Amino acid sequence: MIMPVDSAQSHRQYPVPASSFCALIKRNSFVFQLASIVAIGALASPAQSLSQAQTNSPSAISLPTELRVQSPGWWPTKGDASRDAYAGAAACAKCHGSTAVTQRTTAMAHAATRTADAELLHQHDDLAFHLGPYTEEIVTKSEKSVLMVRKGAATLSADLLWAFGVGHMGQTYIYQRNGSFYESHLSFYASSQSMGITPEHGLSIPDNLEDAAGRRLTPAETRRCFGCHTTASVTKDQFDPSAADLGVGCEACHGPGATHAAAMRSGMQEEGVAMIMNPSRLDPVGSVDFCGACHRTWEDVVGNGFTGIGVYNVRFAPYRLENSKCWGKGDVRLTCVACHDPHRPLERDPAAYDSHCLQCHVTQAGEKKNASHPGGACRVGTKSCTTCHMPRIETPIQHSIFTDHWIRIVVPGKPYPN
Ligand code: HEC
Ligand code: HEC
Ligand code: HEC
Ligand code: HEC
Ligand code: HEC
Ligand code: HEC
Ligand code: HEC
């Protein structure tokens with residue numbers, strides 16, 4: 001069962017609107033403790049601590065990612081394994097060739113790159129922006145991208161090291177100064193094909209050159225940022241971005257796979273299969289929570305007070321989807337992987353999603369719902385269902401357009417449900 005929104009709402013903390021590309025998670029201790037009580041018994045059973053992977057959460061309630069990560073067994077963003085436990089994507093490709101070929105072309109695989117490999121920066125090798133008295137410029141020459149900020153005669157420059165986001169919505173840059181990591185004050189926006197202020201940085205004129213260049217990330221923020229956008233940046237609980245595989249690779253989702261690969265190489269098929277997580281064995285809520293390790297689970301969103309913040313929560317697909325009438329108490333026909341193959345690029349043809357809707361909805365007006373088809377028929381449309389029932393919503397400030405996963409009848413003029 002999913003906790004009703006209201007019980008958590010009375011305890012929520014209102015965050016600054018979650019306008020960032022990646023609004024950070026604050027923990028609401030009440031919801032967290034409550035979920036802990038439910039979950040300790042569910043996840044920490046000895047049988048599961050022996051196996052490599054978490055499988056089911058029999059309670060079937062959405063859990064906070066922090067709790068999943070602290071429980072025994074693999075879960076995305078977990079960082080307790082050693083570097084040697086990871087085989088690297090090239091090793092997986094040797095045996096899972098066709099999966100590896102398509103996975104490499106996904107947005108997730110390019111969720112972070114070194115700036116030297118950031119196509120966007122090479123396509124736009126001189127980006128400039130004026131911000132009050134400041135002039136900002138990102139110049140890319142061969143392997144190097146440099147951020148320069150000028151105000152009168154004063155200048156500050158920094159070598160940009162990493163580009164975050166493939167750029168379907170936007171791309172933000174990370175650099176280092178005096179041992180700290182910084183997030184660039186400006187991001188590249190796909191909608192305008194130009195620079196704009198990074199979400200959450202505020203629209204006011206920065207006080208000094210430092211602030212005009214970027215925002216210092218706390219060590220915890222840096223770690224989380226790389227945790228969702230790269231593979232194995234944290235091993236043995238130590239953060240080392242230089243050792244990470246950039247982007248979301250096989251082992252970011254399936255967990256460290258060196259023992260699996262070794263077992264398979266020596267023909268120990270049965271043992272080998274047990275050494276790697278296959279998320280297809282998760283129950284529907286667990287499956288959505290799995291993607292929610294980075295996309296934020298329903299409970300992450302509620303626990304952090306990201307409900308009731310208007311359209312800013314549209315990016316949290318698990319939360320939106322599980323609020324749909326279609327979701328009910330959870331159904332494998334409506335998990336994230338029912339519609340999205342994580343090993344293939346996002347399908348952009350709306351008609352391709354119809355078969356998923358019609359696994360549950362009857363098609364003829366007047367046709368009775370039944371056990372296998374619990375959803376009624378539409379009186380308005382017979383194809384491209386998502387174009388009407390999963391509207392595209394533009395979020396202010398970052399001008400990004402997300403697909404609302406809260407499947408519903410959209411009535412013009414009726415407010416966005418949070
Ligand atoms: C030496 C060959 C080999 C290598 C290397 C290898 N695998 Fe496998 N893997 C297999 C075989 C064989 C199977 C069983 C058949 C199948 O499901 O394709 C398998 C199964 C799997 C499964 C499904 C397990 C299940 O419970 O059904 C996953 C997930 C997987 N591999 C991921 C990976 C990842 C990630 C890597 C890289 C870290 C990797 N494999 C490296 C051969 C290999
Ligand atoms: C380790 C973190 C992580 C996990 C786990 C994860 N994602 Fe993602 N996902 C990301 C990041 C980061 C992006 C943004 C990539 C970009 O555009 O740069 C993303 C983007 C996407 C996109 C958008 C693709 C596009 O073309 O714009 C889809 C769809 C998606 N993820 C589906 C899934 C599904 C389904 C699952 C669960 C099977 C999942 N993700 C699990 C991190 C993750
Ligand atoms: C909890 C996991 C998580 C954390 C932490 C996180 N991200 Fe993301 N990020 C995602 C996911 C999932 C997406 C894709 C869906 C979305 O846009 O919300 C994404 C999308 C993005 C995008 C837009 C991608 C595109 O295709 O245009 C940028 C830029 C980005 N993140 C930068 C960052 C930076 C910089 C940090 C750290 C300061 C960070 N993220 C921290 C999970 C995360
Ligand atoms: C974003 C997360 C994500 C990434 C990245 C990812 N996988 Fe998977 N993988 C999944 C999920 C989720 C499933 C279960 C899919 C389902 O239930 O339909 C899966 C299933 C599999 C299976 C089992 C297929 C089956 O039919 O049972 C194999 C093998 C596999 N993945 C290999 C890989 C390899 C190799 C890579 C890297 C090239 C990779 N995966 C990258 C999430 C991911
Ligand atoms: C797992 C089964 C399932 C899937 C898959 C599914 N639905 Fe539903 N849907 C239902 C059920 C059950 C209801 C509630 C009973 C009803 O009103 O028909 C529902 C209700 C609806 C409603 C009415 C919502 C409201 O607020 O009154 C719409 C619209 C809808 N679904 C559209 C879709 C579309 C479009 C898709 C595909 C993108 C889809 N559904 C996929 C099961 C499903
Ligand atoms: C009923 C089918 C369906 C399900 C289930 C579903 N999605 Fe989607 N998703 C879509 C459609 C349709 C799009 C828009 C594709 C396009 O851009 O044309 C989309 C787009 C996305 C994007 C790209 C950004 C955006 O908002 O347009 C992300 C990220 C994403 N989905 C993540 C998820 C995650 C995570 C889950 C599980 C909670 C999930 N989706 C479940 C149909 C689905
Ligand atoms: C052109 C836009 C459009 C398309 C395409 C469309 N719908 Fe609808 N749908 C609507 C509207 C508008 C309503 C509300 C109509 C009403 O109140 O009678 C609706 C109602 C529904 C309902 C609620 C029915 C009821 O009586 O409660 C369901 C379920 C539904 N649609 C499913 C689907 C599915 C599945 C598809 C694809 C096969 C689809 N829709 C395609 C616009 C559309």
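Biologist: In this predicted model, why does Arg-265 count as exposed or buried, whichever applies?

Modeller: Arg-265 has 12 C-beta neighbours inside 10 Å, and because a residue is exposed if 12 or fewer other C-beta atoms lie within that distance, Arg-265 counts as exposed.

Biologist: Where is Arg-265 found, and what separates its C-alpha atom from that of Cys-95?

Modeller: Arg-265 belongs to helix α11, and although Arg-265 and Cys-95 are 170 residues apart along the chain, their C-alpha atoms are separated by 9.3 Å.

Biologist: What makes Thr-77 buried, exposed or partly exposed?

Modeller: Within 10 Å of Thr-77 there are 18 other C-beta atoms; burial would need 20 or more and exposure 12 or fewer, so Thr-77 is partly exposed. Thr-77 sits in the loop between α4 (65-70) and α5, and its phi is near 80°, a positive value in a residue other than glycine.

Biologist: How do you know whether Lys-236 is buried or exposed?

Modeller: The count for Lys-236 is 12 C-beta neighbours inside 10 Å, and since exposure is assigned at 12 or fewer, Lys-236 counts as exposed. Lys-236 lies in the loop between β11 (234-235) and β12 (238-239), with a phi near 50°, which is likewise positive in a residue other than glycine.

Biologist: Which residues are the closest to ligand 1, and which elements give two or more residues to its shell?

Modeller: Of the 18 residues that surround ligand 1, the closest are Cys-92, Cys-95, Gly-257, Ala-261 and Asn-278. The elements giving two or more residues to this shell are α5 (89-95), α10 (250-254), α11 (258-265) and α12 (269-274). By class, the shell around ligand 1 comes to nine nonpolar, six polar and three charged residues.

Biologist: What surrounds ligand 7, and which helix gives the most to its shell?

Modeller: Ligand 7 is surrounded by 18 residues, the closest being Cys-378, Val-380, Gly-381, Cys-385 and Cys-388. Both α17 (354-357) and α18 (385-389) supply at least two residues of the shell, and α18 gives the most, with four residues. The shell around ligand 7 divides into seven nonpolar, eight polar and three charged residues.

Biologist: How many helices and strands does the protein have, and what share of its residues count as buried?

Modeller: The secondary structure comes to 18 helices and 15 strands, and 37% of the 418 residues count as buried. Among the contacts with a separation of 6 or more, 56% are accounted for by residues 24 or more positions apart.

Technical notes: Residues numbered from 1 in each chain as written. Chains lettered and ligands numbered in written order. Predicted model: local features only at pLDDT ≥ 70, side-chain atom pairs only at ≥ 80, totals over all residues. Near = placed C-beta within 6 Å. Nonpolar A, V, L, I, M, F, W, Y, C, P; charged D, E, K, R; others polar. Contact = placed C-beta atoms within 7 Å.
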